[in-house]
Amino acid sequence: MRIVLVGPPGAGKGTQAAFLAKNLSIPHISTGDLFRANISQGTELGKRAKSYMDAGNLVPDEVTIGMARDRMAQADAEGGFLLDGFPRNVGQAEALDEMLRGEGVALDAVLDLEVPEDEVVKRIAGRRVCRNSSAHVYHVVYTPPQAEGVCDECGGELYQRDDDSEETVRKRLEVYHTQTEPIIDYYKAQGLVVTISALGKVAEVTARAMEALQVDE
Ligand code: AP5
Ligand code: ZN
């Protein structure tokens, strides 16, 4: 399957993608995670991306599209993909369509996670991520680790992302509304959008998503 996950920052895209990718046996491709991996490895691409991310802006398309294309080139051998955080504007959506057309394949669905803004702010404020794996995501109130600051799954250190400050979150939300939301209409015109509420327990949202995608768990 080829699925795009869309939703505001903090909606739970990364959290849901980890479960959905496992259930559907497809790779989870997150451009945010790819940028963060490049930053921690000190690559040129990471150095270019960091200032944009820290300010809550989108990294320029000429950097992002090439990176996404390289990662997706490996994905067809893996049975498709679950894209998280890409595309993030109409230009990227058009570039993705062109890439898929070139391969003679198409998207199956665009899963749109809906969450009220006050909940998004609470989710981001309490988020803690494992240094060893971006798939290990916690929330200090909703899904706390057993020992404070330590990942249950691997013992890694939990940290707060640099772009999770209140000011940057406000900017990321604004960028979401102005630049990313238009892709929902773009995909609606292709009949691909399924919208679900991302409120409730993590497992409830996963079940809702699987049902919306019409796949058995
Ligand atoms: P990216 O990493 O994609 O960040 P984002 O879209 O802002 O999304 P988040 O990672 O903040 O949230 P999420 O929806 O994954 O939520 P999560 O599951 O963690 O992008 C970061 C930056 O990179 C961008 O600002 C941009 O600069 C750059 N970038 C990336 N892609 C780009 C692109 N294509 N083009 C240009 N630039 C790009 O959950 C949040 C919290 O809530 C966690 O603590 C979690 O435990 C908790 N939670 C999750 N679900 C629930 C639930 N059901 N109940 C209670 N708590 C929950
Ligand atoms: Zn971990």
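1. Housekeeping. Because the model is predicted, local features need pLDDT of at least 70 and side-chain atom pairs count only at pLDDT 80 or more, while totals for chains, interfaces and linings use all residues. Residues are numbered from 1 along each chain as its sequence is written, with chains lettered from A and ligands numbered from 1 in the order in which they are written.

2. The parallel sheet. Five strands make an open sheet, ordered β2-β3-β1-β4-β8, with parallel pairing. Strands here are DSSP runs of E, at least two residues, and helices are runs of H or I, at least four residues, numbered from the N terminus; two strands pair if DSSP finds at least two bridges between them. β2 (28–30) and β8 (193–197) sit at the edges with a single partner strand each, so one side of each has no neighbour in the sheet. From one strand to the next, the twist averages 25°.

3. The β4/β8 end. Five bridges link β4 (residues 109–114) to β8 in the parallel sense. If you want one pair to look at, leucine 113 has isoleucine 196 in β8 as its bridge partner. Helix α9 (residues 202–212) lies across β4 and β8 and runs at about 155° to β8. Axes are lines fitted to C-alpha atoms, for helices over the stretch in contact, and angles run from 0 to 180 degrees between N-to-C directions.

4. The antiparallel sheet. Three strands form another open sheet in the order β6-β5-β7, paired antiparallel. Strand β5 (residues 127–130) is joined to β6 by three bridges, and valine 129 stands opposite valine 137 in β6.

5. The annotated site. An unreviewed UniProt entry lists "binding site" positions, including Thr31, Asn57, Pro87, Arg88 and Arg172. They span 142 residues in sequence and the farthest two C-alpha atoms are 24.6 Å apart, so they do not all gather at one spot. UniProt positions follow the numbering used here, feature names are shortened, and annotations may be inferred rather than shown by experiment.

6. Leaving aside neighbours within four places in sequence, proline 87 touches Gln92, Ala93, Leu96 and Ile183, and arginine 88 is in contact with Leu58, Gln179 and Thr180. Contact means C-beta atoms, placed from the backbone, within 7 Å.

Conventions
Two residues are in contact if their C-beta atoms, placed from the backbone, lie within 7 Å.
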